[in-house]
Amino acid sequence: MTIGFASRAAVSGCVLCAAGLLALAPAAATAGPGVDPRPRTPDAPASLLYRPGTHVRPRAGAPEVPDLTARSWLVADADTGEVLAAHDAHRRLPPASTLKTLFALTVMPALPSGIRHRVDPEELEGIGPGSSLVGVAEYRTYRVSDLWNGVFLNSGNDAVRVLAALSGGWRATAERMEEKARDLGARDTRVKSPDGYDEPGQVSSAFDLAVFGRAGLRNPEFAEYCARAEASFPARDGGSYPIVNTNRLLTGADGVAPYRGLIGVKNGYTSHAGNTLVAAARRDGRTLVATVMNPRSDDGFAVYEEARALLDWGFDAAGRVTPVGSLDALRGAPPGGPEAAAVAVPASASRRDDADGRAVWWTITGAGLLGGAGVAVYLRLRWGPVPKD
């Protein structure tokens with residue numbers, strides 16, 4: 001069979017194109033499909049925490065990570081955002097009243113603490129049966145700061161209802177909470193009831209709750225409320241009564257030893273969520289935040305002891321573990337991007353810089369230019385200069 005000129009030129013050009021691709025292939029290989037180019041923590045893919053199981057990267061002399069019963073947990077450096085260790089960090093679970101951290105982050109900036117408000121009976125409608133209450137009364141006037149004490153100390157769903165009414169309504173507040181979560185890089189949270197009351201489809205994760213707790217600590221007003229052990233709450237008759245924070249790591253109530261250096265943040269419980277807790281502590285200039293979701297222990301106070309173990313480990317492991325991720329890893333990422341990518345990332349995938357994501361297009365372009373040049377050279381050698389029009 002005889003190969004015509006056009007065919008020979010095409011074959012030669014293809015050979016040169018292939019050579020160009022082979023020459024540039026190493027650069028393209030570094031940007032394989034599924035690699036997330038946005039991790040903020042060196043040497044730790046942002047998608048690592050989407051994989052099931054426990055993740056910790058100990059160095060020489062690092063203490064052994066505690067054996068916990070919680071379905072999901074995480075401990076991170078609140079200053080840098082580095083995740084020191086985690087177990088099923090993005091597992092979506094009911095958050096109970098720890099969701100109130102996101103509620104406060106969303107609503108607090110728009111409501112000055114000195115505002116006084118007379119409660120309308122309609123604002124207290126819809127509170128779920130069995131809800132924790134601080135004792136908000138109809139037609140009683142409260143300062144916004146009183147209501148925040150009710151939220152943080154007594155986990156009062158009645159106080160949440162009134163603050164949500166002042167902030168545009170129940171449904172609008174839930175929508176704004178989800179928007180706030182996305183802005184913070186918390187992609188696992190779905191809000192159906194801003195007070196954390198069990199509702200179908202309402203979920204969060206140890207990762208997201210740690211993000212909320214860390215963000216709250218950066219707000220002086222939030223930090224003050226979540227660290228407060230006791231306060232006075234206005235009574236219906238015009239007097240007041242004491243309320244005590246239900247976070248036992250803070251107060252040492254019910255036989256739970258207070259944690260040295262604890263600075264908040266929020267506990268929760270529902271029959272569906274079990275016990276949940278976001279806890280933060282500061283020692284020797286270092287601040288850690290830990291999240292524990294639904295311990296499977298028979299001990300009703302296991303959530304506090306498991307958080308204690310995580311914080312103790314985190315302080316002991318300082319400087320002796322390599323971070324497994326970052327609480328900033330998903331901030332600014334497109335919705336669904338990192339999570340979808342996590343399915344395809346192999347266990348051996350390493351960090352990629354943003355520049356690597358550009359390898360594919362310039363590889364293809366370069367190969368095309370080399371191939372085109374090869375065809376031109378072949379034509380000139382075979383037939384001489386090409387006539388011009």
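This is a predicted model: local features need pLDDT of at least 70, side-chain atom pairs count only at pLDDT 80 or more; totals for chains, interfaces and linings use all residues.

Residues are numbered from 1 along each chain as its sequence is written, and side-chain values use heavy atoms, with hydrogens and water left out.

Back to the rings. A pair of aromatic rings is described by the distance of the centres and the angle of the planes. Here, rings of Phe, Tyr and Trp (its six-membered ring) pair if their centres lie within 6.5 Å; planes under 30 degrees apart are stacked, over 60 edge-to-face, and the rest tilted. The whole structure has seven aromatic pairs. In one of them, Phe103 and Trp148 are tilted, with 5.7 Å from centre to centre and 50 degrees between the planes. Phe103 sits in helix H2 and Trp148 in helix H3 (residues 144–152), so this pair ties together parts 45 residues apart in sequence. When I say helix or strand, I mean DSSP runs (H or I, at least four residues, for helices; E, at least two, for strands), numbered from the N terminus.

Trp148 also pairs with Phe152, again tilted, at 6.2 Å centre to centre and 50 degrees between the planes. Why are these two about one helical turn apart? Because they are four residues apart in helix H3. An α-helix has 3.6 residues a turn, so residues three or four places apart point the same way. Trp148 counts as buried because its relative accessibility is 0%, and Phe152 is buried too, with a relative accessible area of 2%. Put together, Phe103, Trp148, Phe152, Phe222 and Tyr225 form one aromatic cluster.

How many residues of H3 are buried? Nine of its nine; among them are Val144, Leu147 and Val151.

The C-alpha atoms of Arg161 and Leu147 are separated by 9.8 Å, and the two residues are 14 apart along the chain. Is Arg161 buried or exposed? Arg161 counts as buried, because its relative accessibility is 13%. Leaving aside neighbours within four places in sequence, Arg161 is in contact (heavy atoms within 4.5 Å) with Glu123, Glu125, Gly126, Ile127 and Trp170.

Next, find Asp188, in the loop between helix H5 (170–183) and H6. With 1% relative accessibility, Asp188 is buried. Its side chain has a polar contact of 2.6 Å with the side chain of His90, and another of 2.7 Å with the side chain of Ser205. A polar contact here is a pair of N or O atoms within 3.5 Å; within protein, one must be able to donate a hydrogen and the other to accept it, and residues adjacent in sequence count only if both atoms are side-chain atoms. Beyond four places in sequence, the contacts of Asp188 also include Tyr50, Arg92 and Asp208.

The largest pocket holds about 390 Å³. A pocket is an open set of points on a 1 Å grid over the protein atoms alone, where a 1.4 Å probe fits, with protein on both sides within 12 Å along at least five of seven lines; lining residues have an atom within 4 Å of a point. The volume is the space filled by probe spheres set on the points, which are joined across faces, edges and corners.

Of the 28 residues lining the largest pocket, Ser97, Ser132, Gly268, Tyr269 and Thr270 are the closest to its centre. Strand E8 (262–270), strand E9 (274–283) and helix H9 (302–316) each give two or more residues to this lining, and E8 has the largest share, with five.

The second largest pocket has a volume of about 160 Å³. Its lining has 14 residues, and Leu105, Lys180, Leu184, Ala215 and Arg218 lie nearest the centre.

Zooming out to finish, the chain has eleven helices and twelve strands, and buried residues make up 49% of its 389 residues.

Methods: Buried means under 20% relative accessible area, exposed over 50%, partly exposed in between (1.4 Å probe, protein chains only).
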